[in-house]
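Colleague: I have a new model open on my screen and would like to learn how to read its features. Could you walk me through a few of them?

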Amino acid sequence: MKNNASLFYALLLIVGDCLALIAAFTAAYILRVKLDPRPLLEQIPALTYLRAFLTVLPLWILVHAFIGLYSNDIYEKRFIELGRLLIGSMLGILVVIGYDFVTKGGLFPARLVPAYGLGLGFGFLLLFRTLAGWFKESLYSFGFGISNVIVVGDTPVTVEVANSISNTVKTGQRVLGLVTSKAAGYKTFSSFEKATSSLRQPIHSIIQTELYHDQAKNNEILTYAQSHHAAYRFVPGNTDLFVGNIDVELFAGLPMIAIHQTALVGWGRIAKRLFDLVFGLILLIITSPIFLVVSVMLLLSGGHIFFRQKRLTRFNQQFEVYKFRTIKVAYNGLSPEKAFAKMGRLDLADTYRKNGDQLTDDPRFSIIGRLIRRASIDELPQLINVIKGDLSLVGPRALVPEELDVYVKKHAILSVKSGLTGLAQVSGRKDIDFDERRQLDVYYVQNWSFWLDLVILAKTLRVILRGS
C-alpha cells in the first residue's frame with residue numbers, strides 16, 4: 001500500500017514556500033516604499049508589484065525543485081537544507097531580477113526592494129521550514145503519516161536498520177516486524193510469506209538486508225513490493241563497498257554500478273584545490289604578524305623554528321610537514337616513545353597512548369610550546385603545505401607512516417589529501433581514541449562535499465576561539 005504522506009508534505013512545502021516568499025516581498029515593498037521617505041526610482045502601485053511578483057514566483061519554486069528542496073532525502077538533513085535554501089534564495093532573486101530586466105514594466109520601485117526581499121525571503125523560508133518540521137513530528141506523534149516497514153534478512157545489519165528507524169516520532173516509520181531468526185524487542189517471522197500473511201496492517205516499505213541463495217525468495221519479496229506498490233530498498237552485505245561516490249550506468253545493455261572510494265572526484269578536486277590556494281594564501285597573509293612574533297620567540301629560546309616530520313597524504317605519498325616547534329630541543333624530532341625513553345619515563349609512553357595521544361602535563365613541551373599549543377597556532381606553518389599542495393585545508397589527519405600502517409582502512413583515508421583540520425579535530429579529538437578518529441576520517445573521505453568542508457572550517461574557528 002502506498003503512503004501519500006511524503007507527497008502531502010512536499011505539497012505543503014511548495015505552498016508554504018510560496019506564502020513565505022510572498023510575505024517576504026510584500027514586507028520588502030512596505031519597508032522601502034511605505035516606510036522609507038527617500039524618493040523612488042519608479043512609482044509602482046502595490047497591486048501591480050504583487051501581480052508581477054506572482055507571475056515570476058513559479059520560476060523561483062522551480063529553482064527550489066531543481067536543487068532538491070522538495071525531495072525526501074533532504075527533510076532530515078538540516079545543514080544541507082539550510083545550504084540549499086541559501087543557494088535557492090540567491091538563484092531565485094537572480095531569476096526575479098532577470099525577469100525585471102527583460103520585461104517592459106518595471107518590477108522594483110527601488111534597488112533596495114530586491115535586497116530586502118532576498119534577506120527576508122531566506123529568513124521566512126528558514127522559519128517556515130523549521131515550523132513545518134515541527135508540524136510533521138507532531139503529526140507523527142498522533143499516528144498520522146506513518147510508514148509501516150518490515151526488514152528482511154538474517155544478518156546483524158537487520159537489527160541495526162530496525163533500530164535506526166524505530167523512533168517513529170522522528171523518522172515517521174514504524175517497524176512491523178523482522179524476517180529473521182532472532183531479534184530482541186521486535187516481532188519476528190521465519191519467512192517473508194508468514195510475515196505478509198500474519199500482519200494485518202498495510203506494508204508501505206520493505207528493506208532487505210540479505211540476498212538469498214534461492215533466487216525465488218528474492219523474487220517473491222520484489223514481486224510483493226511491486227504488486228502492493230510498496231517502497232523497496234536493499235542494503236548490500238558488504239556495506240564498506242557501497243560508500244563514497246556511486247554511479248549507475250548501462251554497459252552492454254546491463255546495469256553496472258561504478259563505486260569510487262571517495263566523492264571527491266572530477267570537478268570537486270579542482271574546486272577544492274582552488275579554494276585551498278586562495279584561502280590558504282589569504283590566511284597566511286592575515287596571520288603573518290603572528291607567524292613573525294612566534295618565529296622570533298622560538299629563535300630567542302634557542303633551537304629551530306620549525307618542527308619537520310615525514311607524513312602521509314593522498315595516494316600514500318610522503319611529504320615534510322611544517323609546524324612551530326613546541327617540543328624541547330632535546331626531544332625535538334623524536335617519537336613519543338623515544339622521547340619518554342630518553343628522559344627515563346617509559347611509563348608515560350603507555351599513559352600517552354591510552355589517553356588518546358595526550359598527557360595533561362607533557363614534560364616534552366617547552367614553556368613557549370605550551371603557550372603556542374594553548375592558542376592553537378602551532379599548526380600555522382602548515383598553511384605553507386596547503387599552498388604547496390601537500391595538504392588541503394580540510395581532510396583526514398596527516399599521520400606518520402608507522403601510525404597509519406596499523407589501521408586496516410588506511411587505503412580509504414589515503415584516497416584524498418590530508419588536511420590542516422578535519423572532522424576528527426572538530427568532533428572532540430581529545431575525547432576520542434585513535435580508532436574513532438580514523439573512522440571519522442573515513443566518513444569524511446566517503447561523504448565529502450564542499451558544504452561539509454565549509455561546516456568543518458566554521459567549527460574549527462569556533463573550537464579555536466573557545467580554546468577547546
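Colleague: Let me begin with a helix. Which are the buried residues of helix α13 (residues 367-374)?

Modeller: Keep in mind as we go that this is a predicted model. A residue counts as buried when its relative accessible area is under 20%. In helix α13, the buried residues are I368, G369 and I372. They span an arc of only 100° around the axis, so they sit on the same side of α13.

Colleague: And which exposed residues does the face of α13 turned away from its buried side carry?

Modeller: That face carries I367 and R374, both exposed.

Colleague: Next, the rings. How many aromatic pairs does the structure hold?

Modeller: There are 10 aromatic pairs. To read one, look at the angle between the ring planes: under 30 degrees counts as stacked, over 60 as edge-to-face. Take F25 and F53: their ring centres are 4.4 Å apart and their planes meet at 25°, so this pair is stacked.

Colleague: Where do F25 and F53 lie?

Modeller: F25 belongs to helix α1 (residues 5-34) and F53 to helix α2 (residues 46-66), so the pair ties together parts that are 28 residues apart in sequence.

Colleague: Why is the pair of F192 and Y224 edge-to-face?

Modeller: Because the planes of F192 and Y224 stand at 85°, with the ring centres 5.4 Å apart. This pair also links distant parts of the chain, with F192 in helix α7 (residues 192-198) and Y224 in helix α8 (residues 215-227), 32 residues apart. F192 and Y224 are both buried.

Colleague: Which residues do ring pairs link into a cluster?

Modeller: The cluster is made up of F291, F306, Y322 and F324.

Colleague: Rings can also have a charge over the face. Which residue lies over the face of Y212?

Modeller: That is K217, at 5.3 Å from the ring centre of Y212. Likewise, R364 lies over the face of F365, at 5.5 Å from the ring centre.

Colleague: Let's finish at the surface. Which residues form a nonpolar patch there?

Modeller: The patch consists of I270, L274, L277, V278, F279, I282, L283 and I286, which together have about 720 Å² of accessible area. One of its members, I282, is found in helix α9 (residues 267-286).

Colleague: Why does I282 count as partly exposed?

Modeller: Partly exposed is the class between buried, under 20%, and exposed, over 50%. I282 has 39% relative accessibility, so it counts as partly exposed.

Conventions: Residues numbered from 1 in each chain as written. Predicted model: local features only at pLDDT ≥ 70, side-chain atom pairs only at ≥ 80, totals over all residues. Heavy atoms only, no water. Phe/Tyr/Trp six-rings, centres within 6.5 Å; stacked < 30°, edge-to-face > 60°. Helix = DSSP H or I, 4+ residues; strand = E, 2+ residues; numbered from the N terminus. Buried < 20%, exposed > 50% of the residue type's maximum accessible area, 1.4 Å probe, protein only. Lys NZ or Arg CZ within 6 Å of the ring centre and 35° of its normal. Patch = residues over 30% accessible without salt bridge, like charges linked within 9 Å, V, L, I, M, F, W, Y side chains within 5 Å. Areas by Shrake-Rupley, 256 points an atom, 1.4 Å probe, with all protein chains shown as cover. Salt bridge = Lys/Arg side-chain N within 4 Å of Asp/Glu carboxyl O. Arc of directions from axis to C-beta.
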